[in-house]
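I opened the model to look up a few loops and helices. These are my entries, in the order I made them.

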Amino acid sequence: MITVRFKVNGTDKTVHLEDPSTPLLWVLRDSLALVGTKYGCGMALCGACTVHLNGAPIRSCSMPAVGVSGQSITTIEGLAKPDGTLTAVQQAWIDLDVAQCGYCQAGQIMTASALLRQNPNPTDADIDEAMAGNICRCGTYQRIRAAIHAAADAQKTGGAA
């Protein structure tokens with residue numbers, strides 16, 4: 001049995017793992033009941049499982065939970081402010097009605113949020129490059145790009161990524 005301690009959405013967590021190769025995704029979903037992060041391909045190819053590790057997007061399906069020991073994870077549940085105020089990205093997703101089936105959207109939002117922290121004024125090419133690893137089976141790529149531009153504009157007037 002391996003004990004892993006890390007921070008999730010600002011709260012210290014301790015989990016006990018029988019298998020040291022257990023992916024972070026299953027710890028988040030099964031042990032911590034944070035089910036906003038989705039299982040997609042299981043091979044880090046589709047982006048549905050994207051979370052932030054110390055602010056950078058990672059694929060939680062391929063990251064062993066032991067690899068985040070002592071570090072900070074943010075999931076889609078922890079993106080909004082504690083008072084429930086949505087980030088500029090989340091609000092843009094709603095305002096532009098980005099989601100169709102919605103399955104990939106948590107991963108898309110997490111990647112978009114990381115992009116805007118790194119590059120608050122992305123071009124279409126910047127967005128396409130950053131979002132290339134996030135697959136949307138519904139094909140909402142144009143709305144995703146528009147939402148990222150809207151969120152970037154909102155951040156300029158004080159919204160959080």
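Entry 1. I started with L96, which sits in the loop between α2 and α3. Helices here are DSSP runs of H or I with at least four residues, strands are runs of E with at least two, and both are numbered from the N terminus. Residues are numbered from 1 along each chain as its sequence is written. The model is predicted, so local features need pLDDT of at least 70 and side-chain atom pairs count only at pLDDT 80 or more, while totals for chains, interfaces and linings use all residues; side-chain values use heavy atoms, with hydrogens and water left out.

Is L96 buried, partly exposed or exposed? I found a relative accessible area of 34%, so L96 is partly exposed. Buried means under 20% relative accessible area, exposed means over 50%, and partly exposed is in between, with a 1.4 Å probe and protein chains only.

I then listed what L96 touches, leaving aside neighbours within four places in sequence: R143, A146, A147 and A150. Contact means heavy atoms within 4.5 Å. I also noted that the C-alpha atoms of L96 and I144 are separated by 8.6 Å, although the two residues are 48 apart along the chain.

Entry 2. I moved to helix α2, residues 88-95. Its buried residues are A88, V89, Q90, A92 and W93, and their cover includes α3 and α5. After α2 comes D97, and I read a positive phi near 50° for it.

How do α2 and α5 cross? Their axes come within 8 Å and cross at roughly 130°, which makes α2 oblique to α5. Axes are lines fitted to C-alpha atoms, for helices over the stretch in contact, and angles between N-to-C directions run from 0 to 180 degrees. Under 35 degrees counts as roughly parallel, over 145 as roughly antiparallel, 65 to 115 as roughly perpendicular, and the rest as oblique.

I noted the crossing of α2 and α5 as right-handed. A crossing is right-handed if the near helix is turned clockwise from the far one by less than a right angle, and left-handed if anticlockwise. On the α2 side the contact is made by A88, V89, A92 and W93, and on the α5 side by I144, A147, I148, A150, A151, A154 and Q155. I sorted these residues into ten nonpolar, one polar and no charged. Ala, Val, Leu, Ile, Met, Phe, Trp, Tyr, Cys and Pro count as nonpolar, Asp, Glu, Lys and Arg as charged, and the others, Gly among them, as polar.

Entry 3. Next I took helix α3 (residues 105-118) with helix α5 (residues 141-156). The crossing of α3 and α5 is right-handed. Q108, A112, L115 and L116 of α3 meet I144, I148, A151, A152 and Q155 of α5.

Entry 4. I finished with S60, in the loop between β4 (56-59) and β5 (72-74). Its relative accessible area is 0%, so S60 is buried. A polar atom of its side chain lies 2.7 Å from the backbone oxygen of C49. Not counting residues up to four places away in sequence, S60 touches P23, L24, L25, L28, T37, C49 and V51. In helix α1 (residues 24-31), I found L24, L25, V27 and L28 buried.

Technical notes
A polar contact is a pair of N or O atoms within 3.5 Å; within protein, one must be able to donate a hydrogen and the other to accept it, and residues adjacent in sequence count only if both atoms are side-chain atoms.
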